[in-house]
Amino acid sequence: MDKKYTEVNSKCIDKWVEEGWEWGQPISHEVFEKARYNDWFVLLTPTKPVPKDWFCEMKNAQILGLASGGGQQMPIFTALGAKCTILDYSEKQLFKEKEVAERENYEIKLVKADMTNPFPFEDESFDLIFHPVSNCYIEDVLPVWKECYRVLKKGGVLLAGLDNGINYAFDDEEKMIIHKLPFNPLKDKQLYEDSIKNDWGIQFSHTIEEQIGEQLQAGFVLTNIYQDTNGVGRLHEFNVPTFYATRAIKK
C-alpha cells in the first residue's frame with residue numbers, strides 16, 4: 001500500500017481503456033453530427049439518459065467534465081455550443097477527448113489532474129459540472145464536493161453519477177454477499193491485495209451521507225435525483241438499483 005492509490009487507479013484505468021473499456025469508447029462522427037441538430041443524450045449512470053431539463057443553457061456555457069474523459073459527453077456538449085474543460089488523471093481518457101476534438105475540429109481544454117487535490121481553476125469558473133460515476137475511485141468525497149462548489153458560478157449546476165455501494169457487497173456472479181460494507185481496500189490489507197491481483201483498481205463504497213449529505217454540507221441544494229441499475233448482470237435482471245444520479249445547484 002506504499003504507492004498513492006490514485007496513481008494506481010490512473011494506470012489501471014489507462015489499461016482498461018486500452019482493453020476496450022466501455023467508458024473509454026469515444027462517440028462516432030455521426031453521433032456528433034446528430035447532436036449539432038439537438039438529437040442527443042448523455043449518461044451519468046449505466047443506462048438512463050440524463051433528463052435534458054437538468055442542464056443549463058448550453059450555448060456558450062462553461063462546462064467542466066470532472067473525471068469524465070473518454071470522448072463521450074464533452075463532444076456532445078461542444079456540438080451544442082458549450083466551451084468544455086476536462087479534468088481527468090487518465091492519460092488514455094484524455095487522449096480519447098483529444099482524438100475526437102481533432103476529428104471534429106473543435107477546441108477543448110485538457111487538464112491531467114487528480115480530483116483528490118484542489119482543482120487548478122479559479123473560483124466561479126463554470127456554469128455546469130458533469131461528473132459521471134467516478135468517485136468510487138476516491139476515499140473521501142467531501143473535498144471534491146467543496147471544490148465543485150468553489151469553481152461553480154452562482155446558480156451553477158452539479159450533475160453527478162453515484163454508486164450506492166451495493167455492487168461492492170457481491171461476488172462477481174452477483175449471487176452471494178461476500179464483502180462487508182464499507183468497501184475500503186486502504187483499511188483491509190487482504191482486500192487491497194485482491195484489488196491489485198484482480199485488476200479492480202482501488203475502489204470504495206460510499207454511503208448516502210457521503211454522496212448526498214456531503215453535497216449539502218458543501219453548500220449545494222439538491223433539486224432532483226433518479227436511480228439506475230448496472231445495465232447487465234443478475235442485479236440488473238432483478239431490477240436492483242445500484243446507482244443514482246443527482247442534480248444540485250449552487251445558490
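Colleague: Which residues form a nonpolar patch on the surface?

Modeller: Leu216, Leu222 and Ile225, with about 240 Å² of accessible area together. Areas come from the Shrake-Rupley method with a 1.4 Å probe, and for residues only the protein chains shown count as cover. A patch takes residues with over 30% relative accessible area and no salt bridge; like charges are joined within 9 Å, nonpolar side chains (Val, Leu, Ile, Met, Phe, Trp, Tyr) within 5 Å.

Colleague: Where is Leu216 found?

Modeller: In helix H8. Leu216 has a relative accessible area of 45%, which makes it partly exposed. The classes are buried under 20%, exposed over 50%, and partly exposed in between, with a 1.4 Å probe and protein chains only. Helices (H or I, at least four residues) and strands (E, at least two) are DSSP runs, numbered from the N terminus.

Colleague: Ground rules before we go on?

Modeller: This is a predicted model, where local features need pLDDT of at least 70, side-chain atom pairs count only at pLDDT 80 or more, and totals for chains, interfaces and linings use all residues. Residues are numbered from 1 along each chain as its sequence is written, and side-chain values use heavy atoms, with hydrogens and water left out.

Colleague: Salt bridges next. How many does the structure hold?

Modeller: Twelve. The criterion is a side-chain nitrogen of Lys or Arg within 4 Å of a carboxyl oxygen of Asp or Glu.

Colleague: What does Asp199 pair with?

Modeller: Lys15, at 3.0 Å from N to O. Asp199 sits in the loop between helix H7 (189–197) and helix H8 (208–218), and Lys15 in helix H1 (residues 5–18), so the bridge ties together parts 184 residues apart in sequence. Asp199 is partly exposed at 26% relative accessibility. Lys15 is partly exposed too, at 38%.

Colleague: Which residues are linked with Lys15 and Asp199 in a network of salt bridges?

Modeller: Glu19 joins Lys15 and Asp199 in that network.

Colleague: And Glu18, what does it bridge to?

Modeller: Lys92, with the closest N and O atoms 3.1 Å apart. This pair also links distant parts of the chain: Glu18 is in helix H1 and Lys92 in helix H4 (residues 91–104), 74 residues apart. Glu18 is exposed at 59% relative accessibility. Lys92 is partly exposed at 32%.

Colleague: What about Lys189 and Glu193, how do they meet?

Modeller: In a salt bridge, 2.7 Å from N to O. Both lie in helix H7, four residues apart, about one turn of the helix. Lys189 is exposed at 58% relative accessibility, while Glu193 is partly exposed at 36%.

Colleague: Switching to backbone. Where is the cis peptide bond?

Modeller: Between Leu181 and Pro182, with omega about 0°. Pro182 is in the loop between helix H6 (166–169) and H7.

Colleague: Why flag that, or a positive phi?

Modeller: Most residues other than glycine have a negative phi, and most peptide bonds are trans.

Colleague: What is phi at Ala67?

Modeller: Near 55°, a positive value in a residue other than glycine. Ala67 lies in the loop between strand S1 (62–66) and helix H3 (74–79). Ala67 is partly exposed, at 23% relative accessible area.

Colleague: And Asn105, what is its phi?

Modeller: Near 60°, positive again in a non-glycine residue. Asn105 is in the loop between H4 and strand S3 (109–112).

Colleague: Is Asn105 buried or exposed?

Modeller: Exposed, with a relative accessible area of 71%.
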